[in-house]
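Subject: Structure for your review

Dear colleague,

Please find the structure below, together with its sequence. A description of what was found follows it.

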Amino acid sequence: MRGFISLAVLLAVGCAEAPLLPWLAATPPDLPVVAGGDTKTIRGADLAARAGVVLVVEPVAGSPTLLVGAPLTVARPEATTPGSSTVLACLDGYRATLRADDLQGSTPWLAWAAWGSEAFAATDAQGKRIALGPYYLVWDAADRGAERPWPFQVHRLEGLTAPAYGAITPAATAPPEVRAGFAVYEGHCAKCHALGGIGGDLGPELGCPAGVTTYWQRAALARWIAEPAALRRGARMPPSGLGAADIEAVIRYLEHMATALDCGAR
Ligand code: HEC
C-alpha cells in the first residue's frame, strides 16, 4: 500500500474539522510551468483541490513525516509521459531534472505544508532552519526507488520533451570515457552548474568562456570533486560521493567540453 491518504478519505472517516486545521487551510502559491516557450500558471487552489497527505521518510532527518501536497502530475501531467523530463527550478538556482523514464510507476509529490505544523521548514545537519516552500518535491515512503532527488524551495517547473542536456551531450562518436563522464556529470553536477549556460546556477559556470580544466590543475580538480572542503574552508559545494573512476570520467568529459563547447554561440 502506498503511504498517502486523500483528504476525502480523512473526511469520510470523521475528521470533519480537518479543513479547519491551519496547515490544511492555507492555499499553496500559484506555480508557473514553462513548456515549449509558453508559461502557464497552475493555480494554488487547483492543487489544493487535489490535496492529500503523504507519508515520507526524509533523506536528511531520516524520520517519517506527514506532509500535505498533491501529486506532481496534477501540475504537470506530462511528468510521466515516456521521453519527457521535468525540471524543478529552486529559488537558489538549483535545478533537479526528473526523467519520466526513471519514475517507473512511482509518484512524486509536490508538498506545501507539514501535517501538524504551521511552519514548513527543516533543520539541516548544522542545525540551521531551512524553509521548504513554496514547494518541496517528495517521495512516498512506500516508493523504494533508487536515488531520488528531494529539491525544496521549488518555485517553477519546466517541461522538456527533448533530453534535458541535449546541447551539452557529447556526440555519439566521442570516446566512451567521455560519454560515461557525461552520464556522471548529468546526474551529479548539472543541477548546480552550467556549461555554456545550460544547467543550474547554484555553482559557477564550468564551460565558458574558458573550460574549467584549462585553468584548474587536474589533481586539484579530482580532489575538489571528491571533497571540496579539503581545499577551501566553507566550500558550499557538497562532497560528490563519487569514486575515483567516476571522478576521472567526469574530468574527461569536462576536458572534452573545454574544446567541444562553442562559447561564442551562447
Ligand atoms: C549542490 C550543488 C553542487 C553540486 C551538485 C556540484 N557543485 Fe561544484 N560547486 C558548487 C558551488 C556552490 C561552487 C562554488 C564554490 C563553493 O562555494 O563551493 C562549486 C564549485 C565548483 C568548482 C570550482 C569552480 C571554481 O573555479 O571555483 C568546480 C570545478 C566544480 N564545482 C565542479 C563540480 C563537478 C564536476 C560536480 C559534479 C561531480 C559538481 N561541481 C557538483 C555547487 C555544486
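I begin with a pair of strands. Strand 2 (residues 31-35) and strand 3 run antiparallel and are joined by five bridges. Within this pairing, Val-34 has Thr-39 of strand 3 as its bridge partner. Strands (E, at least two residues) and helices (H or I, at least four residues) are DSSP runs numbered from the N terminus, and two strands pair if DSSP finds at least two bridges between them.

As to provenance, the model is predicted: local features need pLDDT of at least 70 and side-chain atom pairs count only at pLDDT 80 or more, whereas totals for chains, interfaces and linings use all residues. Residues are numbered from 1 along each chain as its sequence is written, and side-chain values use heavy atoms, with hydrogens and water left out.

The iron site

His-193 (NE2) and Met-237 (SD) coordinate the iron atom of the ligand at 1.9 to 2.1 Å. His-193 lies in the loop between helix 6 (176-188) and strand 13 (194-195), and Met-237, 44 residues apart from it, in the loop between helix 7 (218-226) and helix 8 (244-260). Donors are N, O and S atoms within 2.8 Å of the metal (3.2 Å for Na, K and Ca); water is not among the atoms, so sites may look incomplete. The site of the iron atom is octahedral, with angles of 88 to 178° among its six donor atoms; six donors count as octahedral if opposite donors are over 155 degrees apart and all others between 65 and 115. His-193 is buried at 11% relative accessibility, while Met-237 is partly exposed at 26%. Buried means under 20% relative accessible area, exposed over 50%, and partly exposed in between (1.4 Å probe, protein chains only).

Cysteines

A search of the whole structure finds one disulfide, a term that denotes a pair of cysteine sulfur atoms within 2.5 Å. It joins Cys-208 to Cys-263, with an S to S distance of 2.0 Å, and the link is left-handed, with -85° about the S-S bond. Cys-208 lies in the loop between strand 14 (198-199) and helix 7, and Cys-263 in the segment after helix 8, 55 residues apart. Cys-208 is partly exposed at 21% relative accessible area, and Cys-263 is partly exposed at 21%.

Cys-90 is buried at 5%, and Cys-192 is buried at 17%.

Backbone features

A cis peptide bond joins Gly-133 and Pro-134, with omega about 5°; Pro-134 lies in the loop between strand 10 (129-131) and strand 11 (136-139). A cis peptide bond also joins Cys-208 and Pro-209, with omega about 0°. Gln-153, a residue other than glycine, has a positive phi near 50°. Gln-153 is located in the loop between strand 11 and strand 12 (154-160) and is buried at 17% relative accessibility.

With kind regards

Technical notes: Tetrahedral: all angles 85-135°; square planar, octahedral: opposite > 155°, others 65-115°.
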